[in-house]
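Thanks for passing this one along. Here are a few notes to read with the model open beside you.

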Amino acid sequence: MRKAQQEDQKGLLATGPKQKLGDYLVQWLEATRKPPMVKPSTYIQYRSVIHHHLVPGLGHIFVRKLTPQHIQAFYAQKMKEGVKPRTIAFMHATLHTALENAVKWNLVSRNVSSLVSLPRVEEHVMHPLTSDEIEKLIAIAKGHWLEPVLILAVTTGMRRGELVALRWSDIDLNNGVLHVQRTASRIGSYGIVENDPKTRSSRRKVVLSEIALRMLKRHRLDQDQAKAKACDKWKNKNLVFSDDLGGFLSVDKILKEFHALLERAGLPRMRFHDLRHSAATILLTMGVHPKVVQELLGHSTIAMTMDTYSHLLPSMQKDAANKMDLAFKFDDEAGENDEVH
């Protein structure tokens, strides 16, 4: 009673209606997380984690009765079920954001999810390919439907979702430039969902290399033949990289075929995203200014680029030291023989 009186005096006493967490989460989702307030894909991700995980596991508990112990036990159970730490981290982010809103709506006086420990999320280890390894991979992929996707990935550093969503209207073949306008990703049973790029800097102009430009021109001719063969079954999405009927390429199929090509080339298994790291690594080690690499990749700041590729700094510093030796020719031996007065 004394605690309630103190919270009441401080304006912290929760006086909103009593609700079960499941009912509240659905209400919060529909009131604050529906498009256009958030991206459609973001709404779908929130809805999926709420309906498939949070509501079944915690939805029966009243919001005011929810404790850190409830949440901690729920995460522990998910770990036993084989749910990955990264997925649990997204569950937690969703729950934490929802409970922050519950505090604003005066349903609870504090956000109990702030007192919960999360399983450690392992960082992805970067596996960039060397220029020789990329040449080997492209040689193995010669004539494969994934060849043009791989060439554009390693010459531009574009993300897989950006490549899947790329349209011919985004490319100026005459001037050799490409504009990244959108991205696409597969979200559960909802299929491919298109979005704006993740940040303002991700929407960018990319100058194409001659290799990429020749590949795109050849690929367009091949696609025109496939379009004529499909006749009225062709889906007119104007996609640069499409399936046999002009629809979106399967993200899972891209990864499966990518891994198969790596195996044939005798290269280590890696994520498709490592092709983006490969492009950046090759450019930086060749002496391309980090600012140029930042703009090519669509990073928001140059600090992000340098933090991501900090493993290259020792070799870059060694190169800088060697260039300093070329710039200055001091006579060390003469200096050692001089007497100090």
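In what order do the three strands of the open sheet run, and is the pairing parallel or antiparallel? Please keep in mind that this is a predicted model.

1. The sheet. The order is S1-S2-S5, and the three strands pair in an antiparallel way. S1 (171-172) and S5 (204-207) are the edge strands with a single partner strand each, so one side of each has no neighbour in the sheet. Between S2 (residues 177-180) and S5 there are four bridges.

2. A helix pair. Helix H2 (residues 21-32) packs against helix H3 (residues 40-58) at about 175°, and their axes are 9 Å apart. Angles over 145 degrees count as roughly antiparallel, and therefore H2 is described that way relative to H3. On the H2 side the contact includes Leu25, Trp28 and Leu29, while H3 contributes residues including Tyr43, Ile50 and Leu54. By type, the contact residues are eleven nonpolar, two polar and two charged.

3. The loop between H2 and H3. Have a look at Pro36, which sits in this loop. The peptide bond from Pro35 to Pro36 is cis, with omega near 10°. Most peptide bonds are trans.

4. Two asparagines with positive phi. Asn106, in the loop between helix H5 (85-104) and helix H6 (131-140), has phi near 65°. Asn238 also has a positive phi, of about 65°, and belongs to the loop between helix H9 (210-230) and helix H10 (251-264). Asn106 is partly exposed at 25% relative accessibility, and Asn238 is partly exposed at 36%.

Terms used: Residues numbered from 1 in each chain as written. Predicted model: local features only at pLDDT ≥ 70, side-chain atom pairs only at ≥ 80, totals over all residues. Heavy atoms only, no water. Axes fitted to C-alpha atoms, helices over the stretch in contact; angles between N-to-C directions. Parallel < 35°, antiparallel > 145°, perpendicular 65-115°, else oblique. Contact = heavy atoms within 4.5 Å. Nonpolar A, V, L, I, M, F, W, Y, C, P; charged D, E, K, R; others polar. Pairing = 2+ DSSP bridges. Buried < 20%, exposed > 50% of the residue type's maximum accessible area, 1.4 Å probe, protein only.
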